[in-house]
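Subject: Structure handover

Hello,

Here is the structure I said I would pass on. My notes follow below it.

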Amino acid sequence: MSSRKSFVALPASLAAERRGRVAVLRLNRPRKRNALDDETVLGIETFFTALPDDIGAVVLAGEGEHFSAGLDLSELEERNVTQGIAHSGLWHRAFEKIQFGKAPVVAVLHGAVVGGGLELAAAAHVRLAEHSAYYALPEGSRGIYVGGGGSVRLPRLIGVARMMDMMLTGRTYSAEEGQAIGLTTYLVEPGRGFTKGIELAERIASNTALTNFAVTHALPRIAESDPAGGYAMEALMSSIAQADREAKTRLKAFLDKRAPKVTRS
Ligand code: 1HE
């Protein structure tokens, strides 16, 4: 059931609602192309911190013609080095709450997904794009540098060489190119993104909480480990997951021929 009533107080630049076990967070500043000012970044942190325990997945989307124009450049006042580090830390903290939060996040991308907007999208677990989406890191030409975790997350998605190219030459990737290089894993027709995002989020929310935890919290850490540590962590995680009562119930349902088979989509 859709409910417009938000479970958390947010700035006007964000809008939240819940639809059953799926929570939706929209960047809601279309007149400024969803540029991310400090208040919005703090609001994102608040939203993901306050997520109710029964929410199984989140859809993150943008209102208007663009997902996000990145950092609100009008706030780029004179900062000294210490203040700059603190500002970047604010983004890091907020986006960590997305990546290592309570529920998997599906980002629905369209229009400009640039600078800090791309860094935001990179913190999600599943990214899907409408054909209108395009990706850029204009920091290079603005005389600044990414500060929202982009150097950590983007090379893991598309490689250091592509990120260097984007920052040094101002290269823009189209939605189709973004799909080909791994920025997104779904590409849909214009206007279909949100519906597809909800569909994927509902599917994710139907997994057990323990499996979703394993995939979003353990898997990325295992992937970063040395192989020996990774195998040990994987063995522990898989034994914990299979011991869960809900896992036993689901396995029994399959063996009793009550659960769906895996089919071609
Ligand atoms: C903004 C911003 C912004 C738009 N900060 N106000 N990001 C960028 O370098 C991207 C800058 N933005 C653009 O290139 C374009 O605005 C877009 C391609 C995204 C959209 O173009 P368009 O023609 O639809 O909109 P517009 O007319 O350019 O902008 C509409 C309004 O939004 C206008 O304000 P107005 O008062 O004149 O109506 C713009 O000034 C405003 N606006 N983008 C502030 N980004 C943690 S570090 C991350 C570092 C970065 O993210 S750097 C990348 C910054």
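Predicted model: local features only at pLDDT ≥ 70, side-chain atom pairs only at ≥ 80, totals over all residues.

Phe 47 has an aromatic partner in Phe 7. The structure holds three aromatic pairs. In the pair of Phe 7 and Phe 47, the ring centres are 5.5 Å apart and the planes stand at 40 degrees, so the pair counts as tilted. The two residues come from distant parts of the chain, 40 residues apart: Phe 47 belongs to helix α1 (residues 38-49), while Phe 7 sits in the loop between β1 (2-3) and β2 (14-19). Phe 7 has a relative accessible area of 24%, and because buried means under 20%, Phe 7 is classed as partly exposed. Together with Phe 48, Phe 7 and Phe 47 make up one aromatic cluster.

The other residue I looked at is Thr 184. Thr 184 is found in the loop between α7 (175-181) and β10 (186-188). With a relative accessible area of 1%, Thr 184 is buried. What is Thr 184 in contact with, leaving aside its neighbours within four places in sequence? The residues are Leu 109, Arg 127, Leu 128, Ala 129, Tyr 135, Gly 178 and Gln 179. Val 126 is 58 residues away from Thr 184 along the chain, yet the C-alpha atoms of the two are separated by 7.4 Å.

Now the chain as a whole. The protein chain contains eleven helices and ten strands. Its radius of gyration is 19 Å; a compact globule of 265 residues would have a value near 18 Å, so the two agree. Along the principal axes, the C-alpha atoms fill a box of roughly 65 × 45 × 35 Å.

Of the 265 residues in the protein chain, 44% are buried. Among contacts with a separation of 6 or more, 67% are between residues 24 or more positions apart.

As for charge, the protein chain carries 32 positive and 29 negative side chains. The centres of these two sets lie 8 Å apart.

Regards

Key. Residues numbered from 1 in each chain as written. Heavy atoms only, no water. Helix = DSSP H or I, 4+ residues; strand = E, 2+ residues; numbered from the N terminus. Rg over C-alpha atoms; globule rule 2.2 N^0.38 Å. Buried < 20%, exposed > 50% of the residue type's maximum accessible area, 1.4 Å probe, protein only. Contact = heavy atoms within 4.5 Å. Lys, Arg positive; Asp, Glu negative; His and termini not counted. Charge placed at Lys NZ, Arg CZ, Asp CG, Glu CD. Phe/Tyr/Trp six-rings, centres within 6.5 Å; stacked < 30°, edge-to-face > 60°.
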